[in-house]
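Subject: Structure handover

Hi,

Here is the structure I promised to pass on. Please open it and keep it in view while you read.

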Protein chains: 2
Amino acid sequence: MSENKSTYHHGDLPKVLLQNATELIREGGIKALSMRKLAERTDVSRTAPYHHFKDKNELLCAIAEQGFQRQDQALKNLSVENPGQDNRQLFERYVLAYIRYAYENPETYDLMFGKEIWKLGTATESLKQISRTSFRHWVDWIEQLQLQDIVSKQDSTLRVAQASWATLHGLCRLLIDGIYLNPEDLEEMGKTAVRMLTTPPN
Amino acid sequence: MSENKSTYHHGDLPKVLLQNATELIREGGIKALSMRKLAERTDVSRTAPYHHFKDKNELLCAIAEQGFQRQDQALKNLSVENPGQDNRQLFERYVLAYIRYAYENPETYDLMFGKEIWKLGTATESLKQISRTSFRHWVDWIEQLQLQDIVSKQDSTLRVAQASWATLHGLCRLLIDGIYLNPEDLEEMGKTAVRMLTTPPN
DNA sequence: CGCTCTATTTTGACACTGTCAAGTTTCGCT
DNA sequence: AGCGAAACTTGACAGTGTCAAAATAGAGCG
């Protein structure tokens, strides 16, 4: 019926809020996101957002959830874009893409895996679920690689998955938190990590 | 002259502040540390701490710095306590001790390596220095291990040091941030990591 | 059309935060 | 004893998350 942006009071406030919130954290980090500034940018009163997100925490969870969806999408596209590649090469691409996502969306990545949400057990149920799924994808990867002897079998799949993912995550964190790591070396660093995680080729 | 606690106005306010601050973050995380609560617990006015730490940031840096000192000490003691052990075994102990420190002092570790301080380049000069030194110790370790063929030489020492440290750091972060990792598996996890990082023995 | 019900949004308020400016106390030294 | 400086306190301001109560506007129905 209404062809312009607003069908109800504001239109689709939740979506716009999420969008603006993502924008805010991208501009100034998670600390720069305040409910009040968000409301202001959305041209809405201070407490309006509270009718769509019960908490600031719930808003953060929503951002993180969106992050998982996009990351999953980006990683899923990989195998589609590179058909017929063997798992060894594909795995390297996967790792590099993972790191790239973290590098390009540092604030979101921070929410996805930072203590802001997880430490206090305040994660939304749906966020918990999608993050579990996301980790399972990694475990599946490792299982495949173990079957093909690309990754060591001396420890259980879960263990190796945890340890290798820790490497990946550690690299991302060092990068994001601005510790030691140089963005220029990003790709090289990822390749080094892959070499360390996999058995030598041929 | 004065035999009880107070020689000056308060005695050694800076030391007491640092102590209470560490206590506060241990009790309720970094977020639970506010300058005002700290002042209150120290029985001192709201702004008294500002005469010893120009910022909240400077206070956090001081806590982190103290963390580095204690960690370095704990790690240094290792080689003293276990003389005559070969580097392979010692390295495993080193890794486990590193993880244990992070596990036992999660809030401090978070300050030492978290974005709270590093992301915005707000680290104190002395903090920067001690953290650099601390990383150099790790690089030295890797160099030794490469010389003894315990760690792969296919990448440069710096690269391997970064990647392997990322693994270690990643594990600690997962543990601290409460993601996936189970505290019970801590030791096993560390050993798996060591196995992944080093060449097979004998 | 008009009425009501409910979802949406706003206004006011409170306790809390970091930190600055200006004042006050207390010590060490000459 | 008294001076200079260091340590400390009080008052104030803008900003935060969030609750309770009021105001508004839309949909559905007669």
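Below is what I found, one topic at a time.

Before you start, note that this is a predicted model.

**Two helices that cross**

Begin in chain B. Two packed helices are described by the angle between their axes and the distance between the axes. Find helix α1, residues 13-28 of chain B, and helix α3, residues 56-81 of chain B. Their packing angle is about 85°, and their axes are 10 Å apart. Angles of 65 to 115 degrees count as roughly perpendicular. So α1(B) and α3(B) are roughly perpendicular to each other.

Which residues make the contact between α1(B) and α3(B)? On the α1(B) side they are Leu18(B), Ala21(B), Thr22(B) and Ile25(B). On the α3(B) side they are Leu59(B), Ala62(B), Ile63(B) and Gln66(B). Sorted by class, this contact has 6 nonpolar residues, 2 polar ones and no charged ones.

The largest cavity has a volume of about 110 Å³. It is lined by 14 residues. Closest to its centre are Gln71(A), Tyr98(A), Ser134(A), Phe135(A) and Trp165(A). Three elements of chain A give two or more residues each to this lining: α3 (56-81), α4 (87-104) and α7 (125-147). Helix α7(A) gives the most, with 5 residues. By class, the lining of the largest cavity has 9 nonpolar, 4 polar and 1 charged.

Now go to the second largest cavity, with a volume of about 80 Å³. Its lining includes Tyr180(A) from chain A, along with chain B residues. Among the chain B residues are Phe68(B), Gln71(B), Tyr98(B), Ser134(B), Phe135(B) and Trp165(B). The elements that give two or more residues here are α3, α4 (87-104) and α7 (125-147) of chain B. The largest share, 4 residues, comes from α7(B). This lining has 9 nonpolar and 3 polar residues, and no charged ones.

The largest pocket has a volume of about 1,100 Å³. It is lined by 38 residues. Closest to its centre are Lys115(A) and Glu116(A) from chain A, with Lys31(B), Lys115(B) and Glu116(B) from chain B. What classes of residue line the largest pocket? There are 20 charged, 10 polar and 8 nonpolar residues.

The second largest pocket has a volume of about 550 Å³. Its lining holds 26 residues. Nearest its centre lie Met196(A), Thr198(A), Arg195(B), Met196(B) and Thr198(B). Helices α8 (157-177) and α9 (186-197) of chain A each give two or more residues, and so do α8 and α9 (186-197) of chain B. The largest share, 4 residues, comes from α9(B). By class, the lining of the second largest pocket has 11 nonpolar, 11 polar and 4 charged residues.

**Single residues to look up**

Start with Thr167(B). It sits in helix α8 of chain B. Is Thr167(B) buried or exposed? Buried means under 20% relative accessible area. At 2%, Thr167(B) therefore counts as buried. Leave aside its neighbours within four places in sequence. Thr167(B) then contacts Ala163(A), Ala166(A) and Thr167(A) in chain A, and Ala193(B) and Leu197(B) in chain B.

Next, look at two aspartates in loops of chain B. Asp43(B) is in the loop between α2 (35-41) and α3 of chain B. Its phi is near 55°, a positive value in a residue other than glycine. Exposed means over 50% relative accessible area. Asp43(B) has 70% relative accessibility, so it counts as exposed.

Asp149(B) is in the loop between α7 and α8 (157-177) of chain B. Phi of Asp149(B) is near 60°, again a positive value in a residue other than glycine. Asp149(B) is partly exposed, with a relative accessible area of 46%.

Last, go to Glu143(A) in helix α7 of chain A. Glu143(A) is partly exposed, with a relative accessible area of 40%. Now find Gly114(A), 29 residues away along the chain. The C-alpha atoms of Glu143(A) and Gly114(A) are separated by 26 Å.

Best wishes

Note on methods. Residues are numbered from 1 along each chain as its sequence is written. Chains are lettered from A and ligands numbered from 1 in the order in which they are written. This is a predicted model: local features need pLDDT of at least 70, side-chain atom pairs count only at pLDDT 80 or more; totals for chains, interfaces and linings use all residues. Side-chain values use heavy atoms; hydrogens and water are left out. Axes are lines fitted to C-alpha atoms, for helices over the stretch in contact, and angles run from 0 to 180 degrees between N-to-C directions. Angles under 35 degrees count as roughly parallel, over 145 as roughly antiparallel, 65 to 115 as roughly perpendicular and the rest as oblique. Contact means heavy atoms within 4.5 Å. Ala, Val, Leu, Ile, Met, Phe, Trp, Tyr, Cys and Pro count as nonpolar, Asp, Glu, Lys and Arg as charged, and the others, Gly among them, as polar. On a 1 Å grid over the protein atoms alone, a cavity is a set of points where a 1.4 Å probe fits but cannot get out, and a pocket is an open set with protein on both sides within 12 Å along at least five of seven lines; lining residues have an atom within 4 Å of a point. Grid points are joined across faces, edges and corners, and a volume is the space filled by probe spheres set on the points. Buried means under 20% relative accessible area, exposed over 50%, partly exposed in between (1.4 Å probe, protein chains only).
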